[in-house]
Amino acid sequence: MTKKLKLEELGRIDVETFKKTPKISLVVILDNVRSMHNVGAIFRTADAFLVEKIVLCGITPQPPHREIHKAALGATESVDWIYEQDINGAIDNLKKENFEIIGIEQTSSSQLITDFEINSEKKYALILGNEVDGISDEALENIETFLEIPQLGTKHSLNVSVCGGVVIWEFAKNLGIKK
């Protein structure tokens with residue numbers, strides 16, 4: 001008979017071990033994401049898939065905060081993060097480190113994520129934008145590639161944290177995450 005596993009049966013690592021564990025070549029940039037729930041959920045997803053770090057930009061709230069912690073469940077302690085006020089400064093810094101910058105946005109030049117070939121030899125930085133306005137207009141010209149998730153229903157977008165989960169998983173499984 002199938003049973004749910006207890007927390008101690010899951011074999012999860014502690015924060016100290018997590019910090020020493022090799023990460024995938026993926027950075028997530030949150031550009032003016034206003035919801036603390038979304039920020040916390042992205043931290044939790046980044047922890048699950050060994051994301052290198054999160055860059056919080058603009059009005060994106062920063063830990064420590066009770067509302068972020070509620071969704072992150074401690075992932076703000078395990079996942080490395082920095083704050084940079086200016087999104088273009090964050091992009092430029094990552095370009096200098098040879099990251100390919102990818103905006104997750106519906107644009108005139110977006111391609112479906114299912115059509116994008118993720119190269120396990122490359123480093124990627126994914127930008128997730130504001131819940132209403134998307135990625136900042138001033139950042140658009142500084143982004144090399146735009147990807148979108150295929151959607152077949154009546155709504156035109158996904159919640160930022162849901163979108164982040166889908167996209168981070170797509171990159172993680174192609175960048176070599178293993179259990």
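The model is a predicted one, in which local features need pLDDT of at least 70 and side-chain atom pairs count only at pLDDT 80 or more, while totals for chains, interfaces and linings use all residues. Residues are numbered from 1 along each chain as its sequence is written, and side-chain values use heavy atoms, with hydrogens and water left out.

The strands named here (E, at least two residues) and the helices (H or I, at least four residues) are DSSP runs, numbered from the N terminus, and two strands are said to pair if DSSP finds at least two bridges between them.

Strand 4, which covers residues 99–104, has six of its six residues buried, so this strand is largely enclosed by the rest of the structure. Here buried means under 20% relative accessible area, exposed means over 50%, and partly exposed lies in between, as found with a 1.4 Å probe and with protein chains only. In a regular strand the side chains alternate between the two faces of the sheet. In strand 4 both faces are covered, with Phe99, Ile101 and Gly103 buried on one side and Glu100, Ile102 and Ile104 buried on the other. Strand 4 runs parallel to strand 6 (residues 123–128), to which five bridges join it, and also parallel to strand 7 (residues 145–148), to which three bridges join it. Gly103 can be followed in both directions, as its bridge partner in strand 6 is Ile127, while in strand 7 Gly103 stands opposite Phe146. Strand 7 is also joined by two bridges to strand 5, again in parallel, and there Leu112 stands opposite Glu148 of strand 7.

Strand 1 (residues 24–31) is mostly covered, since seven of its eight residues are buried. Five bridges pair strand 1 with strand 6 in the parallel sense, and Leu30 stands opposite Leu128 in strand 6. Strand 1 also pairs with strand 2 (residues 51–57), in the parallel sense and over six bridges, with Val28 opposite Ile54 of strand 2.

Asn32, in the loop between strand 1 and helix 2, has a positive phi of about 60° although it is not a glycine. Leu73, in the loop between helix 3 and helix 4 (75–78), likewise has a positive phi, of about 50°, and Leu73 is exposed, with a relative accessible area of 57%. Pro63 and Pro64 are joined by a cis peptide bond with an omega of about -5°, and Pro64 is placed in the loop between strand 2 and helix 3 (66–72).

Charged side chains give another way to trace contacts. Side chains of opposite charge can pair when their charged atoms come close. A search of the whole structure finds seven salt bridges, each being a side-chain nitrogen of Lys or Arg within 4 Å of a carboxyl oxygen of Asp or Glu. In one of them Asp80 meets Lys19 at 2.8 Å, N to O; because Asp80 lies in the loop between helix 4 and strand 3 and Lys19 in helix 1, this pair ties together parts that are 61 residues apart in sequence. Another salt bridge joins Lys122 and Glu100 at 3.0 Å, N to O, and since Lys122 lies in the loop between strand 5 and strand 6 and Glu100 in strand 4, the parts tied together are 22 residues apart in sequence. Lys122 is partly exposed at 37% relative accessible area, whereas Glu100 is buried at 14%. Glu170 and Lys173 also form a salt bridge, with their closest N and O atoms 3.5 Å apart, and because the two are three residues apart in helix 7 (residues 160–174), they are separated by about one helical turn.
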